[in-house]
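Visitor: Could we go through this structure together? I would like to begin with the strands.

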Amino acid sequence: MSWGTELWDQFDNLEKHTQWGIDILEKYIKFVKERTEIELSYAKQLRNLSKKYQPKKNSKEEEEYKYTSCKAFISTLNEMNDYAGQHEVISENMASQIIVDLARYVQELKQERKSNFHDGRKAQQHIETCWKQLESARQQAQIRHQMAEDSKADYSSILQKFNHEQHEYYHTHIPNIFQKIQEMEERRIVRIGESMKTYAEVDRQVIPIIGKCLDGIVKAAESIDQKNDSQLVIEAYKSGFEPPGDIEFEDYTQPMKRTVSDNSLSNSRGEGKPDLKFGGKSKGKLWPFIKKNKGATPEDFSNLPPEQRRKKLQQKVDELNKEIQKEMDQRDAITKMKDVYLKNPQMGDPASLDHKLAEVSQNIEKLRLETQKFEAWLAEVEGRLPARSEQARRQSGLYDSQNPPTVNNCAQDRESSPDGSYTEEQSQESEVKVLATDFDDEFDDEEPLAAIGTCKALYTFEGQNEGTISVVEGETLYVIEEDKGDGWTRIRRNEDEEGYVPTSYVEVCLDKNAKDS
């Protein structure tokens, strides 16, 4: 079977057929390209869907996602995100393994087809030229009868040449050209078959991962624990109050009194100014029926039930401790950078960091005062302190002198209105504000740190910042605190002079006992 011998006279049909084959190949490339675009669009929509239903950060919705059902839903969203990624892998693999390869192959196929049919047309033109020469010779032989012998000789020669060229055309040139075209077409057929296999394999390769994604969704759904979620609801909304007791039998002529538990919150309605009290029996409405204040939330969360208030205060203390740690890390980083500048002045000016260091230290002090204030309220709620201690009041007063509060922090200063709702009233007597020196006096009686060794100043250091001490080259001083890794060593000259110096500026010699300890 050979196109050269079987289809020797079907030049035009072969040209149309090979063009049709290339068109089919280009149509298949377009099909795969549109499939990749659909995969990308589908993956994008899946990611947007997953992102749309993700909980917003720092919102009430994020707190609700501690339930296992919500966690399972988040896991489902994450698995859907991975599922979308596999569709992107399908699109990428099809584009790289099919579209790019076939597009390059189509260009090569077109060039090869063009070259083969160019050779075919050239052979056709040549045989037609030979045929015209034969016709011309035959006509000359008829016209010039008197020159028959010569004409016959010429005719015979040209005829022989034509027969030779014709034989070459039908038995050599055209068979070779058509054989090449046949091989080209067969390669095209094999290639499109291989591409179809690749098309299926691209999908097959991600089936295990897609299965894992679906298994993850099922596993997330099976991890839902309704009992655990119910317990979390109890922990989230438990007030800590006891149910009210029975109503006492009283004379109808007297106002009705209601007995409440010792842990219930009520407000008395007597003559004069009503007071808010915790515990004991008193007249008025119970906590669940008291109207909530529509104004700003008190800073000490005193508008909440005891259990909820304790959780809020504990959460606030934890947040402040995290902020303190963050500021301390920043201070350590600035201190180390300053030490680098001191050792290598060409890298920067150490004095340029003093303002930032002072600002961070001030922030740390403010956060510590704020933490102590909330810890005092937390201790009061948990029963460790019957009331705010004097130290907590002084620290709160010191902080309030820097940042005046907009809401009174004491629950005793809040009053109940006649209808049982709470309103915030500013205390007629403001808290006593104390100076920072009063707060520092509490630490004046601390015993000084014992010396753990000595050091010799290698260079002169001018301690201009707070907490540092100036030393002169060659001076010998006492070491009271080693370098903790921040590049500073704490030293003492006498009982009244101590501070920090760069570790690289001194030669430290620790006592043996201090090293052993």
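Visitor: What stands opposite C455?
Guide: C455 stands opposite V508 in β9. This is a predicted model, in which local features need pLDDT of at least 70, side-chain atom pairs count only at pLDDT 80 or more, and totals for chains, interfaces and linings use all residues. Residues are numbered from 1 along each chain as its sequence is written, and side-chain values use heavy atoms, with hydrogens and water left out.

Visitor: Over how many bridges do β5 and β9 pair?
Guide: Strand β5 (residues 453–457) pairs with β9 over five bridges, in the antiparallel sense. Strands are DSSP runs of E with at least two residues, helices are runs of H or I with at least four, and both are numbered from the N terminus. Two strands pair if DSSP finds at least two bridges between them.

Visitor: And what is the strand order of the open sheet?
Guide: The order of its five strands is β8-β7-β6-β5-β9, with antiparallel pairing. The edge strands, each pairing on one side only, are β8 (498–502) and β9 (506–510).

Visitor: Turning to helices, where does α4 bend?
Guide: α4 bends at A95, by about 35 degrees. The bend is the angle between axes fitted to the seven residues ending at a residue and the seven starting there.

Visitor: How far does α4 reach?
Guide: From first C-alpha to last, the 76 residues of α4 reach 109 Å, close to the 112 Å expected at 1.5 Å a residue. The expected span is 1.5 Å times one less than the number of residues.
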